[in-house]
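User: Please take me through the labels attached to this model, setting each value beside the criterion behind it.

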Amino acid sequence: MSDATELPGSARLVLAQGVVHLDPEPAVFDAMLEGWARQQRSRFLNFDATIKPRLSLLKRFAEFSNQYPWQWQSVEIEAFLDHLRARRPTFAVSTGRNYQNALRMFCEYVTDERYDWPKVCYDRFGQRPIQILHEWNTITHTSEYEGGPGRRPLTYDEVQQLFDAADDRIDKIRERGRKGSLAALRDAMVLKTVYAYGLRRQETCGLDLADTRRNAKVPSYGRFGGVFVRYGKASKGGPPKRRLVLTVPEMDWCVDVLEQYWQEVRPVFSPGRHPALWVTERRGRMSLRRLNDAFNSAR
């Protein structure tokens, strides 16, 4: 069995040994952050989506408290969250819980003897980090949905208005004699596909031509009896989830939309052998940003 200090993120692996720092406090704190990042990367967590925001939060909290992790007490985190809520009255419960969970996990990391940080901090500063979040200063999860009550899905009329606005953009661009009518047509079609199949952005942009599926029970749908999603939302540390989304009778109007795109619109982009279903003017895969722009323009 390997030595506990050889765990990813252990103090011995990220803190230079035998080096006397002129400013030891920030050096140890930076090493803690690097160690925690390594520990999370070893669990295959996404850096941009998960690790980077957590590190940014820790730096914000350290700056607010003007203290280092081995000095933190519960009163600091309570004051920090109170400060955030005072500055932003709309501060969401779910956001607060995410902040608390990230800080609690970091405290669990630096207080775990296997990572050697308690010993390092005590030897250098005479103090050990402690867990500052407990049942009395964390949010209790009592409801499955914690979004604001003012948020709601679009009504059928509002969805129709959105689609009509996307279609109108095509005519307006043509009337002005400007470029972009083909891209606007594609944008209108992709928005309708997102709605018809209930897809997320990444799921939509990740679709390939080979991901369309026939449904033997509804042969009239042809090649669009369903779509096979390969880039579904992943669990933390796991690969993207996969699922088959069938075309339902209530949304069978989307079959004609996709067939027109497949036969008439996509070939005009000259994608060649590119496998993506939704392609751009530059013969590449449609990006999340481009899909965001399509929705925002119609909205």
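User: Which residue takes a positive phi just after α8?

Analyst: That residue is G198, with a phi of about 65 degrees. The model is a predicted one, in which local features need pLDDT of at least 70 and side-chain atom pairs count only at pLDDT 80 or more, while totals for chains, interfaces and linings use all residues. Residues are numbered from 1 along each chain as its sequence is written, and side-chain values use heavy atoms, with hydrogens and water left out.

User: What makes α8 a helix of the expected length, and why is it called largely enclosed?

Analyst: A helix here is a DSSP run of H or I with at least four residues, a strand is a run of E with at least two, and both are numbered from the N terminus. Helix α8 covers residues 181-197, which is 17 residues. The expected span is 1.5 Å times one less than the number of residues, and the 25 Å reached by α8 from its first C-alpha to its last is close to the expected 24 Å. In α8, 14 of the 17 residues are buried, so the helix is largely enclosed by the rest of the structure.

User: Why is N66 called exposed while L81 is called buried?

Analyst: The relative accessible area of N66 is 69%, which is why it falls in the exposed class. L81, a residue of helix α4 (74-87), has a relative accessible area of 12% and is therefore buried. Contact means heavy atoms within 4.5 Å, and, neighbours within four places in sequence set aside, L81 is in contact with Y99 and Q100.

User: Why do P219 and E264 count as exposed?

Analyst: P219 stands at 65% relative accessibility, so it counts as exposed, and its place is the loop between β1 (212-213) and β2 (226-232). E264 has 52% relative accessibility and therefore also counts as exposed, although it is part of helix α10 (253-265).

User: What is W262, in that helix, in contact with?

Analyst: W262 lies in α10, and beyond its neighbours within four places in sequence it is in contact with L209, T212, R223, F224, P267 and L277.

User: How do you know which helices the buried residues of α2 pack against?

Analyst: By the contact criterion, the buried residues of α2 pack against α1 (11-14), α3 (47-65), α5 (93-111) and α6 (117-125). Among those buried residues are V28, F29, M32, L33 and W36. Helix α2 (24-41) has 18 residues, and its reach of 26 Å is close to the 26 Å expected.

User: What is the radius of gyration of the chain, and what is it set against?

Analyst: The radius is taken over C-alpha atoms, and the globule rule is 2.2 Å times the number of residues to the power 0.38. For 299 residues a compact globule would have a radius near 19 Å, but the chain has 26 Å. Its C-alpha atoms fill a box of roughly 75 × 45 × 45 Å along the principal axes. Buried residues make up 40% of the chain, and of the contacts with a separation of 6 or more, 58% join residues 24 or more positions apart.

User: How many helices and strands does the chain have?

Analyst: There are 11 helices and three strands, and along the sequence they follow the pattern α-α-α-α-α-α-α-α-α-β-β-β-α-α.

Conventions:
Buried < 20%, exposed > 50% of the residue type's maximum accessible area, 1.4 Å probe, protein only.
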